[in-house]
Amino acid sequence: MREPVKILLRSRVWRSFARHGFPDSNRNRSLAVFSNFFLHFHPVKVRVRAIRFTRTFYLGGLTAACFFILTMTGFFLMFYYRPAVPHAYSDMKDFVYVVSSGKFLRNLHRWAAHAMVALVFAHMSWTFLRGAYRPPREFNWVVGVSLLVATLLLSYTGYLLPWDQLAYWAVTVGTNMVASVPMVGQKIKLLLLGGHVINDSALLRFYVLHCVVLPMALALGVGLHVWRIRKDGGIHLPALPKGDAPDESLPPVLAGLEAGHPADDSQGAEAAGARLGATESVRLVLDEDEAADVTVDLNDEPMVMTFPHLLLREVVAFLALAIVLAVVSLIFDAPLEAIADPSRTPNPAKAPWYFLGLQELLRYYPPVVAGVLLPALSITALAVIPYFRVNVERPPLWGAAPLRRLALLWLAIAAISALFRLGASGMVWSIVIPLWLVGATMSAGALPWREGKVGPWLRTRSLPFWIFTWFLASAITLTVIGALFRGPSWHLTVPWHDGIY
Amino acid sequence: MMAKDAGRATSRALGRLRVAFALLSITLLGVLAIAPATSHFSEWRAAQQRYVNLAQRAKLEPIGVRVRQAPSPTPDNVDRCGSCHLGAAGVAPVDGDPLFAAHPSIPHDPARFGCTICHGGQGRAVTGRAAHGGEANWEEPLFPRPYREAGCGVCHSRVRLPDPELVASGRALFAARGCGGCHDVDGHDLPTKRDLSKVGLRGFSRQWQDHHVRAAGESTDDRWAASPLPLGDEEHAAVDAYLQSLVGAPQLVAGKLLVARLGCRGCHRIDGVGGDGPDLSDIGGRRASELDFSRVRGEHSLAGWLRELLTDPSRLDPRSRMPAPGLAPAEIDQVITYLLSLRTDPISSAFWPPDRVRGMVLGERDFPTEGRPLFQAFCSACHGARGEGRAPAGAVAFAPAIGGDAFLAIASDGFLRETVRRGRPEHMPAWGASNGGLHPEEIDAIAAYLRTLQHALPSFAEVSASALDLARGREVFQQTCTPCHGERGEGTAIGPPLAAADNPVTARDDAIYGTLARGVDDTAMGSFRTFDAPTLRALIGAVTTLDRNHGPRKDWRPRAGDPGRGRELFGRHCVTCHGARPEGRKAPAIEDPRFVATAPDSFLTASIVRRHDRSREELRRSPDEVADVVAYLRSLGPAPASAGDR
């Protein structure tokens with residue numbers, strides 16, 4: 001098989017666009033990557049540790065793969081969809097019934113969108129918990145947060161396009177939340193809707209945002225995001241102790257979570273970054289030795305060629321994602337309710353699931369707080385966390401005087417609980433109970449553990465880690481309650497009894 | 001880890017990855033092929049393939065296999081039913097599958113009209129279940145077979161139909177005289193019979209009887225000998241009405257006529273005309289998802305809900321004031337057909353047929369505006385088909401018998417009109433233009449119809465010819481006239497002197513007769529029409545022979561009563577039956593300013609004197625006491641603006 005292929009690959013036609021030979025030598029493998037327009041954002045060699053699935057679960061790549069699927073299916077949808085009021089809904093019906101494979105493409109677009117939002121949250125959380133936001137990667141973290149916002153906006157603008165009851169009222173809820181921003185809220189709503197009510201102008205505006213503006217912004221952002229990863233020396237890995245092999249006794253999952261070798265950064269973050277950068281330098285491998293599958297470089301970090309090790313993994317991950325999404329799209333239909341009717345408000349009118357947490361908060365706080373203040377604070381907090389060099393040095397939380405610190409912790413928890421009770425129409429259990437659970441888990445770190453893995457691990461987690469965990473748990477709880485346990489007039493329902501609204 | 005070990009590990013991983021890549025690629029290709037395959041092997045394609053096979057066998061032209069669609073005036077604006085229902089899409093029909101049969105003959109062309117406008121369902125869908133409206137969020141399912149004609153009514157529910165009684169008698173005549181021997185009214189398109197099933201649409205000559213007679217004379221066909229003609233004028237009108245109702249939608253027409261006959265609009269409003277009950281103008285547009293089916297025994301659809309309601313209204317809502325209509329199942333189906341067709345905005349006004357434009361734009365009536373059909377359509381549900389009164393189960397109070405002499409004798413035409421126009425508080429809706437929506441001339445017609453229900457006196461000639469029995473006459477005078485006019489006709493607080501020497505009326509027989517026949521405007525003197533000729537003769541004789549020498553003079557005036565005394569009297573004698581609710585159950589609660597504002601003093605006086613069972617001691621009060629009670633009632637509220645007039 002190889003011989004005919006090799007002859008083909010030596011032909012003039014092939015060589016006119018692919019300027020390398022069959023990638024059976026390290027040189028050709030290098031050229032296959034960096035002389036390729038589409039692939040050259042990869043380095044030529046990658047660290048073995050970096051490409052393990054359990055390191056990052058490929059979440060970033062899967063998110064980008066979702067975006068790719070969305071763009072492709074989006075193109076097909078754009079051939080038929082008209083963003084005008086009576087036609088939008090009719091065109092959705094035509095997709096489902098008349099367009100060849102229209103139902104499948106539409107479903108795929110919808111489920112890929114949900115998957116992308118879920119994956120982007122997972123990617124952000126995992127990146128945080130791995131500590132990959134720490135200097136020198138602070139700005140890339142901010143870029144990532146903006147990509148999160150862009151993804152949410154993309155999903156939100158796309159939500160309106162089917163022009164059914166679900167779309168119309170979900171967008172109504174969202175724009176009303178936006179309108180509660182003091183002073184500029186009404187203007188922002190006017191800008192979003194192109195008018196005072198949701199009608200043709202809003203639809204066209206959302207269509208342009210969804211199909212042109214936001215995808216371009218996202219594409220640029222993703223490019224920047226990936227480029228910075230390269231400049232920062234590849235994905236963040238826990239530093240290797242000098243002369244030791246990497247600690248493989250802990251599963252990489254936990255090892256990746258801010259590997260607790262406190263003294264490691266003695267040389268300072270910048271130097272570490274520079275060192276890693278040197279590892280990743282774009283150096284051609286000039287030897288023709290096929291057998292050298294793994295090279296070892298200056299820092300004793302085993303590396304492998306991107307082609308085929310990383311690329312194959314990426315392709316397999318993409319295929320797996322595509323298969324899962326395709327199967328889901330074949331089985332489950334994207335919802336399409338009755339045509340949008342401004343005179344009939346469904347009860348309850350729910351926002352898209354990623355905003356349901358905010359809508360649940362609206363039950364307790366006025367719109368300015370629940371819809372504007374808390375989300376803005378959360379996003380700002382997310383963005384600026386890396387700039388606080390609070391825990392670059394990571395002394396264990398419970399080092400000296402654990403009792404005093406415990407008392408301080410629980411005082412702080414009590415104060416925060418009281419703060420959340422202030423101005424709320426009831427106790428916000430969805431936020432406060434995760435707080436207490438996180439506090440309890442933190443306090444567990446102070447117990448005298450026998451030597452093992454759990455104790456030290458608990459003891460050495462940093463404060464931002466716990467705060468982020470609390471944030472994540474609250475967000476998930478709020479979203480789950482809003483999605484499953486709220487019915488008409490936002491009363492509590494029991495899903496296995498009353499169904500899911 | 002040594003490089004070599006790392007190398008071996010990564011090589012193994014690479015091998016596994018290559019296998020995974022191969023398997024997953026094939027799987028993905030397979031999965032991606034499913035969607036186009038499902039798209040291709042669709043229901044409609046299979047149906048059209050079947051047609052191609054059948055057409056081939058029948059040696060017909062083959063057709064192209066593609067989605068077929070027709071424009072539709074509904075908001076959905078495209079109907080793809082023809083993709084499976086090829087016969088209705090203008091393709092040559094074939095035998096062997098009901099799907100490919102031609103559409104039954106209807107006044108509209110399905111290729112131009114689409115299908116969903118008449119049948120309901122989802123036009124844009126091409127799968128059977130979704131197209132027939134079985135999708136979760138599609139709220140316009142196909143009209144079930146028994147209610148098919150509701151589709152006609154979606155546009156045509158405002159078709160004007162004649163008086164239901166007339167139509168019914170016309171139908172009976174048509175059947176009894178054997179017109180069906182030559183004429184078909186069911187639209188079966190038989191070659192041997194002349195089709196009358198849509199004659200109401202096409203229009204017909206009112207001289208059809210003359211044509212028949214002439215044709216019978218000229219023809220040699222024996223069947224003319226069995227011709228049922230000639231018909232009298234009334235019978236002719238009845239048959240005309242029946243023919244007018246034949247518009248090709250018998251179930252719909254029957255339902256609309258039933259609604260008119262039962263008087264549903266006495267409570268329910270349709271297009272702004274009707275009582276104070278729930279508005280039915282858009283009942284066909286109610287969404288099944290907004291209805292409560294917990295107590296519905298039948299299917300959970302709008303038709304099923306209506307069926308439950310029409311069978312037993314109190315089952316759906318125990319507090320409902322709607323009486324059970326008492327209809328047979330077939331009649332319920334007809335009413336449901338009509339109700340399902342009532343929509344306020346089914347299609348754009350560019351497509352409205354003339355009857356809808358006439359009704360909803362020009363404000364013309366879609367019901368007959370003569371007195372009797374009006375009474376039947378709007379009053380009979382509460383007051384009875386002949387005004388005999390009714391106490392519907394669950395109603396707050398009874399509806400009085402207004403078709404009988406007892407009431408009509410004391411109610412002037414003006415009083416009737418005013419009561420209809422303004423209604424009675426809490427018991428009767430107002431029917432004036434701004435409430436019930438009836439025009440003044442229609443209210444006049446109802447009042448005139450009620451007047452015809454009153455007993456007719458024998459003619460004056462007949463009365464004059466009867467023998468005079470003065471003793472009898474005096475006896476009748478004693479019972480009938482003295483309560484208001486005094487023992488010797490000398491006049492009282494409420495009734496003028498009959499015995500006055502200068503009373504022009506009581507001097508002449510024909511004047512007395514006229515007064516007894518019609519009563520006196522604006523007074524408590526109602527009519528007295530229940531006497532037969534000899535009794536009238538006797539009574540007139542008694543009045544004319546009254547002693548006129550000591551009666552009061554001509555300038556008699558009725559005396560206003562004392563409200564204080566009247567209040568006391570009312571409390572003692574009247575309140576047990578007439579008091580405020582809940583006591584006022586046996587009789588109207590009249591101690592109510594709103595009631596008093598609808599009744600002039602004359603009516604109150606006449607009611608007290610004449611409408612009670614006079615055998616009961618406490619109800620026989622003197623004229624002074626009657627005047628006092630009337631004064632007390634009047635003190636509760638103002639008199640109605642326009643007093644009675646005849």
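1. The accessible surface of chain A comes to about 24900 Å², and carbon and sulfur atoms supply 71% of that area. This is a predicted model, so the values here are computed from predicted coordinates. Of the 501 residues in chain A, 49% count as buried.

2. The secondary structure of chain A consists of 21 helices and three strands. As for contacts in chain A with a separation of 6 or more, 75% of them come from residues 24 or more positions apart.

3. Helix α8 of chain A (residues 138-160) packs against helix α16 of chain A (residues 367-384), with the axes 8 Å apart and at an angle of about 150 degrees. Angles over 145 degrees count as roughly antiparallel, and α8(A) and α16(A) are therefore roughly antiparallel to each other. On the α8(A) side the contact is made by A:Trp141, A:Val142, A:Val145 and A:Val149, and on the α16(A) side by A:Ile379, A:Leu382 and A:Ala383. By class, the residues of this contact between α8(A) and α16(A) are seven nonpolar, no polar and no charged.

4. The bond from A:Phe307 to A:Pro308 is cis, with omega near 10 degrees. A:Pro308 is placed in helix α14 of chain A, which covers residues 306-331. The bond from A:Asn347 to A:Pro348 is also cis, with omega near 10 degrees. A:Pro348 sits in the loop between α14 and α15 (353-362) of chain A.

5. Next, backbone phi at A:Tyr58. Phi of this residue is near 55 degrees, a positive value in a residue other than glycine. Is A:Tyr58 buried or exposed? Its relative accessible area is 16%; buried means under 20%, so A:Tyr58 is buried.

6. A:Met183 also has a positive phi in a residue other than glycine, here near 70 degrees. A:Met183 is found in the loop between α9 (165-179) and α10 (185-193) of chain A. Its relative accessibility is 84%; the cut-off for exposed is over 50%, so A:Met183 counts as exposed.

7. A:Tyr58 is buried, whereas A:Met183 is exposed.

Methods:
Residues numbered from 1 in each chain as written. Chains lettered and ligands numbered in written order. Predicted model: local features only at pLDDT ≥ 70, side-chain atom pairs only at ≥ 80, totals over all residues. Heavy atoms only, no water. Helix = DSSP H or I, 4+ residues; strand = E, 2+ residues; numbered from the N terminus. Buried < 20%, exposed > 50% of the residue type's maximum accessible area, 1.4 Å probe, protein only. Contact = heavy atoms within 4.5 Å. Areas by Shrake-Rupley, 256 points an atom, 1.4 Å probe, with all protein chains shown as cover. Axes fitted to C-alpha atoms, helices over the stretch in contact; angles between N-to-C directions. Parallel < 35°, antiparallel > 145°, perpendicular 65-115°, else oblique. Nonpolar A, V, L, I, M, F, W, Y, C, P; charged D, E, K, R; others polar.
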